[in-house]
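The following note sets out several points for a colleague who is examining the coordinates.

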Amino acid sequence: MAKKESNFEEQFEDLIEEKDQKLHVPKELPVLMLRDIVVFPYMVVPLFVGREKSKSAVDQALSSHRMILLVTQKSAEVEDPKPEDVFEIGTVALIMRMLKLPDGRVRILAQGLVRAKIESLREDKPYVTAGVQVLHDPDEAEKSIEVEALVRNVRMDLDKASALGKNIPPEVMIIAANVEEPGRLADLTAANLELKVKEAQRILEITAPFERLKRVYELLTKELELLDVQSKITSEAKGEMDKLQRQYFLRQQLKAIQKELGEGSEIQEEIKGYQEKLKKLKVAKEVREELTKQIDRLSQMHPESAETAVVRNYLDWMFALPWNKSTVDNLDLIKARKILDEDHYGLDRLKERILEYLGVRKLSKKIKGPILCFVGPPGVGKTSLGRSIARALGRKFNRISLGGVRDEAEIRGHRRTYVGAMPGRIIQGIRRCGSNNPVYMMDEVDKIGADFRGDPSSALLEVLDPEQNFSFRDHYLGVPFDLSKVMFITTANLLDPIQPAFRDRMEILQLPGYTEEEKLQIALRHLVPKQVQENALSSDYISFTKGSIQKIISVYTREAGVRNLEREIASVCRKVARKVAEGKEKITRITSHNIERYLGPPKIFRDQLLKKDRIGVATGVAWTASGGEILFVESSKMKGKGQLSLTGSLGDVMKESAQAALSYARAHTKDLGIDIRIFSQNDFHIHIPEGAIPKDGPSAGVTIATSLISVCTNRKVKRDVAMTGEITLRGIVLPVGGIKEKVLAAQRAGVKRMVMPTASKKDLIDIPKKVKDEMEFIFVEEIGEVFKHALVKPSRTKAQKNKTTQVKRKSKS
């Protein structure tokens, strides 16, 4: 192992002597492999030797001609280097001194003599030997002007480097001033530049003196630039430090002068500012008293105390709140309706509710802000509708998401006794808006959590109660703030998880989802233009036909909203944008025939009716979070003992409906023309396909009953009749929910007639007129009416026909 240690006294003593005669170097020398240093000729360097082979090489050199070949390893990490692990060119050195250390290592002082190239390496001895070829500098001709200029430049730059703080010993500077040979000057300079091993080795391998000095000059110039920048940085840092110290002393002197004169300090100026703001502020008496109290406290505190920062922060919050700042409402109902229609297609009931509020607001300024709750599946536009409402009213808009919130302090804030206390998210949002009557949207209220830190839903009761929120108290503020002018809008996907008391505070507005026609219009008016613009396209490059949009809606998406529809349109736009980027600038027309080239095969298979009437298979409709679907109820009988099997991932309510249908059939065998023995001699199996999907709810009761009676009476069920309704043991058909989604699902599947409870007739008001015109609705109150419309009339058997013929013949005779 070899390490560098500077000793410039020996370097000066040995290099000051001129060496006119060329050295006689043996053709074979012991080799000392160095880890992290390149030794140049005329360079005196102390080395520590620890490896056994290296110590043997030193001993061999000392016992003969004291010469040794110093070569550098390519990688310092190699512990036992091989011939391929060292550079080919090294330096023949003379061992001047040797000292054995107590830890077993050897310290030598070596002076570089001349460059040498390894011709062969041998490892057959305790040490490594090398056949060497000495590389003498070529004999100098007369010095050219270029060489002389380069030598002077190197000397000047060495002086500059020393002046800029480079650690170059004075002895080296003296040697450099007296050396005339360019090669020796290059080696001397390179030895004092602290070069990396690879860069130093490159210089060692350059045999031409002028080229070597030229390369060293380039490195020296680079080092000068680095030293210059380093010097500037040091000067700037020192100047900044001096400036800060000077400012500190001046401030301390100013404080001492002000203290002697009894004049105000910085905190007194702040207090004056707070007092001026308080005079202009129009707030309730309780708020004014609290502000006055806190300003007085601040005036008695030490400016550097921690409590001072807490009071300052509180006062900043209090004065930043819009206590009496309100935006002016847009009371032009026609303009408001136009804005709502621009942003959203459909949603007429919600738009009517907003316009009703505006109408009352126009007549009375004392009306409190409504508290609405938009409930619907994802992607139907609940959040964007809130922004549209704010734009229509001319109010500021703020939105927070309450999904996963578990800490009550998120709503009411932290008490000021806690470190880092802040107001709750309600007050923070009001401050951001800068007015006390914004449209405030709270998303995902059905996903609020609760744990040991409190129940945020209960904290929101005060916020969303019109009888309480005019004096809402945030824990941080400690004084009432009027929220009655705020228009709160909450959103949820489901109503069930919302606490009953919390739900009671809000006006529920359902957004059940869009019909295919509504989705088509939304895509053409909003989604397609938006995605064309976002993907840097225009009508010159892409166009969608109605048929293509309808196909995307029907076979690539199944949802109540339009999020996936927008994603599919964006996917098409991206593929067209890639074509344009590749140079194909012709317009791409997206049609129903070529849409599969962009989106691949259909992802969703549309619900289809049976191709013919069948015994035991009835068509029902179901509500889902993404709209509605048709489902088939299949029944069969087989020899057995009257047992009932139910399959298809059915829930408890649906299983009870099946049991009720079977009980009704057994109780009314005479009315239905069923042989009572069929129930004791057969087992029944009711199955609803797509068994991996859980199903539950009472609305499949009439469908299960129809399927079961079809099997018992051997009468086919009409394939184009769909049905929904809950059945009782008495055969009464009860109303069910989700009528709009179910009707739309039936219409998409091609159903022409739909049987539903009479009590659900009122729900057809939400059905588009086009759908009503295409379908026939049959309203029933008892299950017998369902069988009448859904089951095919029994055909007369051959025996019945023969019996009728015989009766006619007898009557003639």
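Is the crossing of helix 22 and helix 25 left-handed or right-handed? The crossing is right-handed; a crossing is right-handed if the near helix is turned clockwise from the far one by less than a right angle, and left-handed if anticlockwise.

1. Basis of the note. This is a predicted model, in which local features need pLDDT of at least 70 and side-chain atom pairs count only at pLDDT 80 or more, while totals for chains, interfaces and linings use all residues. Residues are numbered from 1 along each chain as its sequence is written, and side-chain values use heavy atoms, with hydrogens and water left out. Helices (H or I, at least four residues) and strands (E, at least two) are DSSP runs, numbered from the N terminus.

2. The helix pair. Helix 22 (residues 652–667) packs with helix 25 (residues 701–713) at an angle of about 45°, and their axes are 9 Å apart. Axes are lines fitted to C-alpha atoms, for helices over the stretch in contact, and angles run from 0 to 180 degrees between N-to-C directions. The two helices are therefore oblique to each other (under 35 degrees is roughly parallel, over 145 roughly antiparallel, 65 to 115 roughly perpendicular, and the rest oblique). Helix 22 contributes Met654, Ser657, Ala658, Ala661, Leu662 and Ala665 to the contact, and helix 25 contributes Gly701, Ile704, Ala705, Leu708 and Ile709; contact means heavy atoms within 4.5 Å.

3. Five strands form an open sheet in the order 8-9-12-7-13, with parallel pairing; two strands pair if DSSP finds at least two bridges between them. Strand 8 (397–401) and strand 13 (507–510) are the edge strands, each pairing on one side only. From one strand to the next, the twist averages 20°. Strand 7 (residues 371–375) pairs with strand 13 in the parallel sense over four bridges, and Leu372 stands opposite Glu507 in strand 13.

4. Helices on the sheet. Helix 13 (residues 382–393) packs on the sheet and touches strand 7, strand 8, strand 9 (439–443) and strand 12 (487–492); its direction makes about 175° with that of strand 9. Helix 15 (residues 425–433) also packs on the sheet, where it touches strand 8 and strand 9, and its direction makes about 155° with that of strand 8.

5. Salt bridges. The structure holds 43 salt bridges, each a side-chain nitrogen of Lys or Arg within 4 Å of a carboxyl oxygen of Asp or Glu. One of them joins Asp343 to Arg391, with the closest N and O atoms 2.8 Å apart. This pair links distant parts of the chain, 48 residues apart: Asp343 is in helix 11 (residues 333–343) and Arg391 in helix 13. Asp343 is partly exposed at 27% relative accessibility, as is Arg391 at 42% (partly exposed lies between buried, under 20% relative accessible area, and exposed, over 50%, with a 1.4 Å probe and protein chains only). The side chains of Lys447 and Glu444 also meet in a salt bridge (2.8 Å, N to O). A network of salt bridges links Arg337, Asp341, Asp348, Lys351 and Glu352.

6. A buried glutamine. Gln294 lies in helix 9 (residues 285–299) and is buried, with a relative accessible area of 3%. Not counting residues up to four places away in sequence, Gln294 touches Val311, Tyr314, Leu315 and Arg416.
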